Amino acid sequence: MPEITYLEAIREALFEEMERDRNVFCLGEDIGAYGGAFKVTEGLQSRFGESRVIDTPISEIAIIGAAAGAAHMGMRPVCEMQFIDFISCGYDMLTNYVATARYRAMLPCPMVVRGPSGGYVRGGPFHSQNPEAAFLHTPGLKIVYPATASDAKGLMKAAIRDEDCVLYFEHKYLYRRIKEEMPSGDHIVPIGKARTAREGTDVSIITYAATVWKSLDAAAELEREDGLSVEVIDLRSLAPMDDDAIVATVKKTNRVLVVHEDTRTGGVAGEITARINELAFEWLDAPILRVTAADVPLPYSPPLEDYVLPQTADIVKAVRRLASY
Amino acid sequence: MTKNLRTAAARVRDVGGAGAGAAPLAREQKIELYYYMRLTRTLEERLVNLYRQTKVVGGLFRSLGQEADAVGSAYALDRKKGDILSPLIRNLGSMLVQGAQPLEILRQYMAKGDSPTRGRELNIHYGDLVRGFIGQISQLGDMVPVMAGVTLSFKMRGEDRVGLVYVGDGATSTGAFHEGINFAAVQRCPLVVVVENNGYAYSTPIAKQTAAKQFKDKAIGYGIAAEQADGNDVIAAYEATRRAVDRARDGGGVTLVELVTYRRKGHAEHDNQSYVPEGEIDRWSSSNDPIDRFVKVLTGSEEGVSAAELEAVDRRVTEEIDRATDEADASPMPEPADALVGIYADPPAEQPLWFREGIRAAVEVNERPAGWGTHDA
């Protein structure tokens, strides 16, 4: 089978799920005839028609709210946020309505909210965000953020089949930069299971999304130059979080670096650090370190963006500090 | 007895369902409207007593003076076809029309473990897809996009069903109202949006809510049909909503229905209504009470319902609520740990926090590295 990109893998998952289940439909801005701002949904409308690939007004509240209503009635909507930065326009609908529906009203709300996320693309403050931490704090939502093309496909299929709302963050830097051959058959990646992206014994890096690749680059460099064996854990799912995988790698290496592209304060790294503190404190030989973005809105100009976002060199530096602690 | 009344009346309604068009309501149907209005009012009066006895755990929201618009509009739906509504806080009457039970309402208010939401949500915030009502949340306007999606699913599946969503005058100022009604209009969803104009949003009068002359006018901007009716006239509320329901069912898309009424009690029971001009409430209660008005119609020469007949309905209502009150009072409070169940389908429950378990701390359940030998000493 030919290799396909991360973006094509998402599209393939949407195609397969819409073929499989008539209740699956897509809605979002410019996703139909135009195929979406990044062309993720290209070809879907010509295959499945306007009623199943719905071009909506610029109304994130309505997109998410209508998806919730349809989901109550047994449909399986997949909402596109044109950029994930606009998910905040539907924040109330997601956190107050969707996330609580099952708990407060026994109303099932099986739906996916997906959208291009993340920086390293000179997108500026409103086309580069990583808003996962805001939703990690909301019980009732699931969150996935794949780093590879096969995970992008397998997690999308799992998200569509999940009985609850799944926020599916897709990294736009990875859209066309990585390629992979898809596993054959009905490829599902279970939500809530991390992946060991690289085996190692000296230091663990726990990360997800685009910084998985920066961490792998750093690990290769550290092996080459320092002889260090670095393990890289790709969380893939943030909610639920794979505590077993986190604890296992802590026990293996006893030194942990948490890396993410989102800003630092109140970020996911703080939650991971707290869990390790509670579950495996005695296994640590060094304080847990974080490499994250600085606490600033993401700036546009390349020297500014590069300075703010985590880079491979930052990860190398942090791992060296941990190894020598 | 009450149950028999409802069953008999429901049968009448089924016969006279949407297929009959907007035919005038039969005598039995009008008595049923009276029953639901009286049930709403008496149930709320009972809740006031329970509130004063501190048996209602949270706030209490009244619909005094608004019973006709809730009951009349909901009555325009066809339960047999599977129509669904989403009520607002002053639409208890609409839920009763769809089959909500006083016992459920009482258990909700009393935060009981066997309430429809098992003690998770307050007051009339609950629903049942089978009976055709979806529980609201407190963020006003949010149910408009949700009901747009419910009715979108009707359209996508080619089902002959209609949805109705209630908003107050205040909710028309929200972004969710705008986005939801516009989305539904563009998609030509079979949706009726009832704007229940009762004069106030908490303490804010409509003049501070909108510069529009009337809420009905907002339909123009969305390119949808509009209806307006005296919300204190139950038949007028029914007929205006019925036209909108028929339009939706016939593929005519969204209608905004403005029902003009008046909120005679405060936002909730604690509200002293200091912001209401003197005499305003008395004027509405003495000359424009929806139940008084409807009694006059029913007992007039045209309808010829006897006072005794209506008194019998009142007695049945009281008996039904008495029974429900006893039962709700005897209901258990929820088991505390039920709070952790059902956030997701999978996992089915959250794990208790260790300090709630009252057992070993996390540091003890995890094995320790070999050679870390001082811990047990």
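Which domains does the domain assignment of chain A give, and where do they lie in the chain? The assignment, which is automatic or taken from a database, gives domain 1 (3–181) and domain 2 (195–323) of chain A. This is a predicted model, in which local features need pLDDT of at least 70 and side-chain atom pairs count only at pLDDT 80 or more, while totals for chains, interfaces and linings use all residues. Residues are numbered from 1 along each chain as its sequence is written, and chains are lettered from A and ligands numbered from 1 in the order in which they are written.

The C-alpha centres of domain 1 and domain 2 of chain A are 26 Å apart. Across their boundary, 24 residues of domain 1 of chain A are in contact with 23 residues of domain 2 of chain A, contact being counted when C-beta atoms, placed from the backbone, lie within 7 Å. On the domain 1 side of chain A, the elements giving two or more residues are listed below; helices (H or I, at least four residues) and strands (E, at least two) are DSSP runs, numbered from the N terminus.

| Element of chain A | Residues |
|---|---|
| helix H5 | 132–136 |
| strand E6 | 142–144 |
| helix H6 | 149–161 |
| strand E7 | 166–171 |

Elsewhere in chain A, Glu8(A) belongs to helix H1 (residues 6–20). Glu8(A) counts as buried because it has 22 C-beta neighbours inside 10 Å, the cut-off for buried being 20 or more other C-beta atoms within 10 Å, with C-beta atoms placed from the backbone.

In chain B, Thr54(B), which follows H2(B), has a positive phi near 60°.

Note on methods:
Contact = placed C-beta atoms within 7 Å. Buried ≥ 20, exposed ≤ 12 C-beta atoms within 10 Å, placed from the backbone.
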